[in-house]
Number of protein chains: 2
Amino acid sequence: MVVNATSVTTAPPVKKATEDTKRALLGKVDCFIFDCDGVIWRGDSVIDGVPETLDALRKLGKKLVFVTNNSTKSRKGYLGKFTSLGLDVNAEEIYSSSYAAAAYLESINFPQDKKVYIVGEVGIQEELDLKGIRYCGGPDDADKKIDLKPGYALPHDEDVGAVVVGFDRHLNYYKIQYATLCISENPGCHFIATNLDARTHLTDAQEWAGNGAMVGAIKGSTKREPTVVGKPAEFMLANIATTFGLKRSQICMVGDRLDTDILFGQQGGLSTMLVLSGVTTEQALLSPENTIHPDCYTDQLSDLLEAAQSAA
Amino acid sequence: MVVNATSVTTAPPVKKATEDTKRALLGKVDCFIFDCDGVIWRGDSVIDGVPETLDALRKLGKKLVFVTNNSTKSRKGYLGKFTSLGLDVNAEEIYSSSYAAAAYLESINFPQDKKVYIVGEVGIQEELDLKGIRYCGGPDDADKKIDLKPGYALPHDEDVGAVVVGFDRHLNYYKIQYATLCISENPGCHFIATNLDARTHLTDAQEWAGNGAMVGAIKGSTKREPTVVGKPAEFMLANIATTFGLKRSQICMVGDRLDTDILFGQQGGLSTMLVLSGVTTEQALLSPENTIHPDCYTDQLSDLLEAAQSAA
């Protein structure tokens, strides 16, 4: 096929946010969704100017949502990370994938006579407790083993109507088999993944296998695809928009990664802002090979401070 | 789109093997590859007439290969199953996926100064020992835990040049992270799966999560696809054909499953025979919805006995 040169789509120019762009953004947007690592903090240090910028946005009445795919803690549990870094945040502003799992079950009116089997840690339990959803598994099954004898069958609870799989340092064969039985044999049983991240940051010293491993195990034995509720799932955006009564265009995704944060925001119909304080360089953003273009970009979040203060 | 009725492909008729068909098969084929469950035995019972039929085929000089995706035992270890059922078989006639992993590494001239990290059980260790291939992991890592401290990194051996993932009742996060590090960080490290079976038969009382779970975990954290060496991988057929110096058409796959055994045989260019002593019924085979047609089918393996004896 011969491609006519004039018909080739030219990528739209990506421009660094000016003060006018920032004021326009603040005028249009009522809610900011922040990816944390690379935007709010880097490792164990808050990025310069972030606390003041968050305060200024709050004074303008903006809703702030801090998104994390960490499911090992509840929103309340994750608050400690913010507090330890000197960030004044409410638990309700944190959108952890453990919370997303509980919110998803609530959104589908998960029956009160059913329960959840958890592959995961305490964060999911705490969020289910807050929604009054019954559960089993999780940390209670951390040390369980299967003692094989001829004719042995692992019994499983027929009341399990959903399996939630989150990151689990204590994954074992007992949990894999239990989850597999529930998903395969309990009619209508949901298979919910908090996220599919290949890697997670247990320590700064190396990358650690993430929840992609736990979900991969259950996918491999059930041949089923999970419903993903954390980033980059559509459910999270729908849930945030409904909670605050906002249109998608009134929400801005702020992130440091093009292929996750910005793409996720764009696919969900949000405004998008890239910050260069994380993994993406200006060179990579402006490269002709990059096809993901945020609405605007800036060096770091605190570049919004002046515009926010002057709009107050 | 309007489909012209005359252009619709008609499925070839599937005919039950006559004595003539069987004689022709025995004349053409020098090696039989048997799926075991549903062909040789059902659960813990040998299917009627199988020992005599195997003897008759051996007397005709036919090579016999018994295929199993069970990687927890070596060929020698798996021999016990045959012996306990009164079947007189040599270890060399058994093609276990644990052996396939070792044979694959040998086929790629796996360097002597490299070693294998095993996610799996003793069968893989024993087969690697027989090929003189060094390894670590496996049962030795069954009870290992990761003690997380700030700044902690799990050290891994840079000499690991391949990760072999087989069924492992003692899968844990240590093994997942170790395998992930080797595959992601050791240049050129191979990722080998003995098989991808979703389910396995640890006991007859229920279906158990299979090696699909273990491989799924490592796929989920590495985002890499493994080289599969057991059934239904091409490697196994190539290896059997090379070992015996046979053309593909001289090999017949005998199985009880259309979508695994027969399809696998056809894709590999083998002759194929379905037996109805396992999971496939004659009705399912002859159904217009079935598109997988073996070269011939028969009720059970012992239907070959008369033709084999008369050919002797």
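Visitor: How much of chain A counts as buried?

Guide: The share is 54% of its 312 residues. Keep in mind that this is a predicted model. A residue is called buried when its relative accessible area is under 20%.

Visitor: What share of the contacts in chain A joins residues 24 or more positions apart?

Guide: Among contacts with a separation of 6 or more, the share is 69%.

Visitor: And the surface and the charges?

Guide: Chain A has an accessible surface of about 13,800 Å². Carbon and sulfur atoms make up 49% of that surface. The chain carries 31 positive and 41 negative side chains. The centres of these two sets are 2 Å apart.

Visitor: Which residues does UniProt place under "binding site"?

Guide: An unreviewed UniProt entry gives that feature for D35(A), D37(A) and D256(A).

Visitor: How do you know that these three gather at one spot?

Guide: In sequence they span 222 residues. Yet no two of their C-alpha atoms are more than 8.1 Å apart, so they gather at one spot.

Visitor: Why is D35(A) called buried?

Guide: The cut-off is under 20% relative accessible area. D35(A) has 8%, so the label buried applies. The residue sits in strand β1, residues 31-35 of chain A.

Visitor: Which residues does D35(A) touch, leaving out those up to four places away in sequence?

Guide: The list is I40(A), V67(A), K231(A), M253(A), V254(A), G255(A), D256(A) and D261(A). D256(A) is also one of the "binding site" residues in the UniProt entry.

Visitor: What does UniProt list K231(A) for?

Guide: The unreviewed entry lists K231(A) for "binding site". This lysine lies in the loop between β12 (227-228) and α8 (234-244) of chain A.

Visitor: Is K231(A) buried or exposed?

Guide: Buried. Its relative accessible area is 13%, and the label needs a value under 20%.

Visitor: What does K231(A) touch, again leaving out residues up to four places away?

Guide: Its partners include D35(A), V67(A), N69(A) and N195(A). D197(A), M236(A), D261(A) and F264(A) are also among them.

Visitor: What is the peptide bond from K231(A) to P232(A)?

Guide: That bond is cis, with omega near 0°. P232(A) is in the loop between β12 and α8. In chain B, the bond from K231(B) to P232(B) is cis too, again with omega near 0°.

Visitor: Which residues of helix α8(A) are buried?

Guide: They are F235(A), M236(A), L237(A), N239(A), I240(A) and A241(A). These residues pack against β1, β4 (63-68), β5, α4, β13 (251-255) and α9 (258-267) of chain A. Just after the helix comes G245(A), with a positive phi of about 65°.

Visitor: What do the buried residues of α5(A) pack against?

Guide: Helix α5 covers residues 122-130, and its buried residues are G123(A), I124(A), Q125(A), E127(A) and L128(A). They pack against α3 (75-84), β5 (94-96), α4 (97-107), β6 (115-119), β7 (134-137) and β8 (160-165). G132(A) follows the helix, and its phi is positive, near 70°.

Visitor: Why is N109(B) called exposed?

Guide: Exposed means over 50% relative accessible area. N109(B) has 64%, so it counts as exposed. Its place is the loop between α4 (97-107) and β6 (115-119) of chain B. Phi of N109(B) is positive, near 55°, although this residue is not a glycine.

Visitor: How do you know that K223(B) is exposed?

Guide: Its relative accessible area is 59%, and the cut-off is over 50%, so K223(B) is exposed. This residue lies in the loop between α7 (211-222) and β12 of chain B. K223(B) is not a glycine, yet its phi is positive, about 55°.

Conventions. Residues numbered from 1 in each chain as written. Chains lettered and ligands numbered in written order. Predicted model: local features only at pLDDT ≥ 70, side-chain atom pairs only at ≥ 80, totals over all residues. Heavy atoms only, no water. Buried < 20%, exposed > 50% of the residue type's maximum accessible area, 1.4 Å probe, protein only. Contact = heavy atoms within 4.5 Å. Areas by Shrake-Rupley, 256 points an atom, 1.4 Å probe, with all protein chains shown as cover. Lys, Arg positive; Asp, Glu negative; His and termini not counted. Charge placed at Lys NZ, Arg CZ, Asp CG, Glu CD. UniProt positions renumbered as here; feature names shortened; annotations may be inferred. Helix = DSSP H or I, 4+ residues; strand = E, 2+ residues; numbered from the N terminus.
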